[in-house]
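Okay, thanks for coming, everyone.

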Amino acid sequence: MAIRERMSGNEAVAHAIKQINPDVLPAFPITPSTEIPEYVATYIANGEIDTEFIPVESEHSSMSAAVGASAAGARTLTATSSCGLALMWEELYIAASNRLPIALALVNRTLSGPININCDHTDSMGARDSGWIQIYAENNQEAYDNFVQAYRIAEHQDVRLPIMICQDGFITSHAVENIELLEDDLVKAFVGDYAPAEYLLNAARPLAVGPYAISDYGMEARKNQEEAMERSRQVILDVAADFAKVAGRSYAYFEEYRLEDAEYAMLMIGSAAGTAKDAIDELREQGMMVGLLKLRVYRPFPEREIAEALRHVKAVAIMDRAESYRGGGGPLGMEVNAALFKYKAFIESRNYIYGLAGRDFTTDLAQQIFAELESLVVEGQQIPDYQYIGLRK
Amino acid sequence: MSTDISKINPATPYHQLTEALTVVGGGTSRQFHTGEWRTSTPLFIVENCKQCLLCTPTCPDSCIPVVEGKRQEFELDYCKGCGICANVCSFSAIEMKEGF
């Protein structure tokens, strides 16, 4: 029987960590992710788990220590947000290229500046090319469920890549909501033990990790890494299917909410999807055919599946909670538009930047966007390719 | 995933390399002939050599073998052509020649 509880997103992830009892957690505090290592440190102090907690002096060090611990053969994780992720930059690539299945509990927060502690996706979007798998949550339940699935994906022999389990800062990480937890033994059985084939602390088989690669080898190594990311697509689905058997909750690359017969769609990541669903319900009652594509897996990017899911709509609003400063939209806008073109789903699309630095996203804004899409299609009204929504003008 | 490093070379297809280029097995640096980096090469002029052995300990890559108190011909597998040996030789018994 599932355990009904109420807890914040941070506590939910910490609870999953407690149930998994990983080997090593190097961490450095940064708002709003600080609570995760705090909770875990408490579990360790209480003797509930025997994870080795390493208090380090920076995030550069926490990810470096995670790289070392994972290479040594330990099931490893850390947690961070915002500038903490930015300070890990170099090691993110090292973790991925060395094929170390580290889990990172990322609590999304904007990057400076202006300095601000609230939610947007600037931090993880910046790391989108670092070679990490990225999975996002709408609420505390999904953050918990995603973390329980994380090691099964990352450690799979076809994958062996690090994984970021992302949730929205404060909105998800600190809001207390109802949640259904799995029993400890179910989680332990689902996640299983970690038994890497090669690891540094295996004295019987000497090993060098992260050697210098001359030009004869570097490109080949990167191709292998790219293929591992490609193979993770199937593993993510397989693990989700196994998880559904245990938990009764189903996951895929994305959730389609009233999308099947929709004429106008919204595509977004994270907690604002809950708001969009409310707006969609209200508009549906008024007879407007609207729906949502809530992206869960951003890396690997499910471009073909997104194009197929959107092919039948008349227009889609691609919602970015991050500015890319490329001049012309955010990262999702760029990638989803490319996917639509590549798979010849020639629908209207517009890119909206919303919710930066913790700006609220409301049902009114969502309805305003759907009204714009309709006026674009029905009346031929000019709607900018890309615009800020919820901005004072 | 692990492979004997000696089976890997610059002609190996990518899918036959080790995961993350991990090197399995110890003592493999001996197989890495860093002398390939050389752009100038020391020549041993044996008739000028007085066997003073000043050159041997100055070589950073241990490329001047000594047998029964006498230095032998250069072993160039790891010689990077730095020229220190030619510089310390007081008897013009080592000359640097351009090229590999």
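**Chain B, then chain A**

So, chain B has two helices and five strands, where helices (H or I, at least four residues) and strands (E, at least two) are DSSP runs numbered from the N terminus. Before I go on: this is a predicted model, local features need pLDDT of at least 70, side-chain atom pairs count only at pLDDT 80 or more, and totals for chains, interfaces and linings use all residues. Residues are numbered from 1 along each chain as its sequence is written, while chains are lettered from A and ligands numbered from 1 in the order in which they are written.

Back to chain B: reading from the N terminus, its elements go β-β-α-β-β-α-β. Its radius of gyration is 18 Å, well over the 13 Å that the globule rule gives for 100 residues, so chain B is more spread out than a compact globule. The radius is taken over C-alpha atoms, and the rule is 2.2 Å times the number of residues to the power 0.38. Along the principal axes, the C-alpha atoms of chain B fill a box of roughly 55 × 30 × 15 Å.

Now chain A, with 13 helices and 16 strands. Here the radius of gyration is 21 Å, close to the 21 Å from the globule rule for 393 residues, so chain A is as compact as a globular protein of that length. Its C-alpha trace spans about 70 × 55 × 45 Å along its principal axes.

How do the two chains meet? The contact takes 14 residues from chain B and 19 residues from chain A, and by contact I mean C-beta atoms, placed from the backbone, that lie within 7 Å. On the chain B side, that's eight nonpolar, five polar and one charged. For the classes, Ala, Val, Leu, Ile, Met, Phe, Trp, Tyr, Cys and Pro count as nonpolar, Asp, Glu, Lys and Arg as charged, and the others, Gly among them, as polar.

There's strand pairing between the chains too. A:Leu207 has B:Val24 as its bridge partner in E1(B).

**Sheets in chain A**

Let's start with the five-stranded one. It's an open sheet in chain A, ordered E4-E5-E7-E6-E13, and the pairing is mixed. Strand E4 (77–80) and E13 of chain A are the edges, each pairing on one side only. E4(A) and strand E5 of chain A (residues 103–108) run parallel, joined by four bridges, and A:Thr80 stands opposite A:Leu106 in E5(A).

Then there's an open sheet of six strands in chain A, E10-E12-E11-E14-E15-E16, again with mixed pairing. At its edges sit strand E10 (254–257) and strand E16 (386–388) of chain A, each pairing on one side only. Inside that sheet, strand E11 (residues 264–269) and strand E12 (residues 290–295) of chain A pair in the parallel sense over six bridges. A:Tyr264 is partnered with A:Val290 in E12(A). Helix H10 of chain A (residues 272–285) packs on this sheet, touching E10, E11 and E12 of chain A, and its direction makes about 165° with that of E12(A). Axes here are lines fitted to C-alpha atoms, for helices over the stretch in contact, and angles run from 0 to 180 degrees between N-to-C directions.

**A helix pair**

Which helices of chain A pack at about 130°? That's H7 (residues 140–154) and H9 (residues 215–247) of chain A, with axes 10 Å apart. That angle makes H7(A) oblique to H9(A), given that under 35 degrees counts as roughly parallel, over 145 as roughly antiparallel, 65 to 115 as roughly perpendicular and the rest as oblique. Among the residues making the contact are A:Val148 and A:Ile153 of H7(A), and A:Val235 and A:Phe243 of H9(A). By class, the contact has eight nonpolar, two polar and two charged residues.

Last stop. The peptide bond from A:Thr31 to A:Pro32 is cis, with omega near 0°, and A:Pro32 sits in the loop between strand E2 (24–27) and helix H2 (35–45) of chain A. A:Arg299 and A:Pro300 are also joined by a cis peptide bond, omega about 0°. Finally, A:Ser82 isn't a glycine, yet has a positive phi of about 45°; A:Ser82 lies in helix H4 (residues 82–87) of chain A.

Definitions and conventions: Two residues are in contact if their C-beta atoms, placed from the backbone, lie within 7 Å. Two strands pair if DSSP finds at least two bridges between them.
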